[in-house]
Amino acid sequence: MIEVKNLAFSYRKKTVLRDVSFSVENGGAVCIVGANGAGKTTLLKIMASLAVPDKGSVEFDGSNIDEFPMRYRKNLGYLPEKIALYNDMSVKKYLSYRAAIKGEPAKRIRRRVSEAMALCGLEEYAKNRIGALSLGWQKRVAFADALLLRPRVLLLDDFLNGLDCSMRSGLGDIIKSAAAFSSVVVTGHEIADFSRWAKRFIVLKDGVIEKEVVVREEDRSSAVSEVTQALLEKEARL
């Protein structure tokens with residue numbers, strides 16, 4: 001389980017996050033939505049141990065992530081909004097290289113790469129040069145990278161942005177599969193897509209959690225409507 005406790009963060013005297021608290025259980029998936037500038041990316045950076053909050057903490061399995069950073073990072077898969085890949089490498093060579101620099105023993109790298117490619121549907125693209133792939137398939141490669149060591153925490157920042165319906169659906173299926181072994185936190189604007197696999201929505205406004213919406217499997221459309229209404233209400237007040 002990962003827990004965010006009373007996070008506060010400011011940048012150049014501007015409040016970005018204020019008293020943000022929530023938790024994601026093992027095998028759960030939470031989607032954080034909000035307007036641009038609401039604080040979503042900053043929140044994920046703090047959860048990825050790439051930024052230090054002014055107040056509050058992030059805990060993994062009951063321990064502050066700053067107390068055991070190496071243990072936490074071995075259990076973390078993080079994809080920033082802008083992904084960086086080695087375009088001249090093939091998919092398989094890139095993933096093998098990434099597994100090695102993450103410290104995976106050589107005897108397990110082939111299996112890890114095969115599992116990640118299978119999960120992300122990349123087997124037939126194993127020998128393809130990454131730079132020759134479409135944006136959607138490049139994101140699958142980045143996702144496979146994040147999943148190489150089967151992380152227990154998976155953070156995806158605006159992951160579905162710029163993709164067509166088919167590719168968003170395919171990546172959503174992979175996220176759903178990854179949620180079987182990870183606590184997943186995703187940010188973005190694709191509410192209807194998120195509702196197919198999310199357990200909960202968190203609506204963030206100006207760095208504050210304004211609303212939480214539980215997604216019921218038997219009535220996912222109600223969650224979409226509730227989240228959409230909350231976002232529209234926020235815009236109307238601006």
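**A loop residue and a helix**

Tutor: This is a predicted model. Beyond its neighbours within four places in sequence, F181 touches L119, L147, R150, P151 and R152.

Student: Where does F181 lie?
Tutor: Look at the elements on either side of F181: they are α6 (165–178) and β8 (183–187). The residue sits in the loop between α6 and β8.

Student: Is F181 buried, partly exposed or exposed?
Tutor: The relative accessible area of F181 is 21%. Buried means under 20% and exposed over 50%, so F181 counts as partly exposed.

Student: How far apart in space are F181 and N64?
Tutor: In sequence, 117 residues separate F181 and N64. Going C-alpha to C-alpha, the distance in space is 21 Å.

Student: What span should helix α4 have, and what is the distance between its end C-alpha atoms?
Tutor: Helix α4 covers residues 106–119, which makes 14 residues. At 1.5 Å a residue it should span 20 Å. That agrees with the distance between its end C-alpha atoms, 21 Å.

Student: Why do the buried residues of α4 line one face of the helix?
Tutor: The buried residues in α4 are I109, R112, V113, A116 and M117. Seen down the helix axis, the buried residues of α4 line one face because they fall within an arc of 125°.

Student: Which elements do the buried residues of α4 pack against?
Tutor: Start with the face turned away from the buried side of α4, which carries the exposed residues K107 and R110. The buried residues of α4, in turn, pack against α3 (91–101) and α5 (135–147).

Terms used
Residues are numbered from 1 along each chain as its sequence is written. This is a predicted model: local features need pLDDT of at least 70, side-chain atom pairs count only at pLDDT 80 or more; totals for chains, interfaces and linings use all residues. Side-chain values use heavy atoms; hydrogens and water are left out. Helices (H or I, at least four residues) and strands (E, at least two) are DSSP runs, numbered from the N terminus. The expected span of a helix is 1.5 Å times one less than its number of residues. Buried means under 20% relative accessible area, exposed over 50%, partly exposed in between (1.4 Å probe, protein chains only). The arc is that of the directions from the helix axis to the C-beta atoms. Contact means heavy atoms within 4.5 Å.
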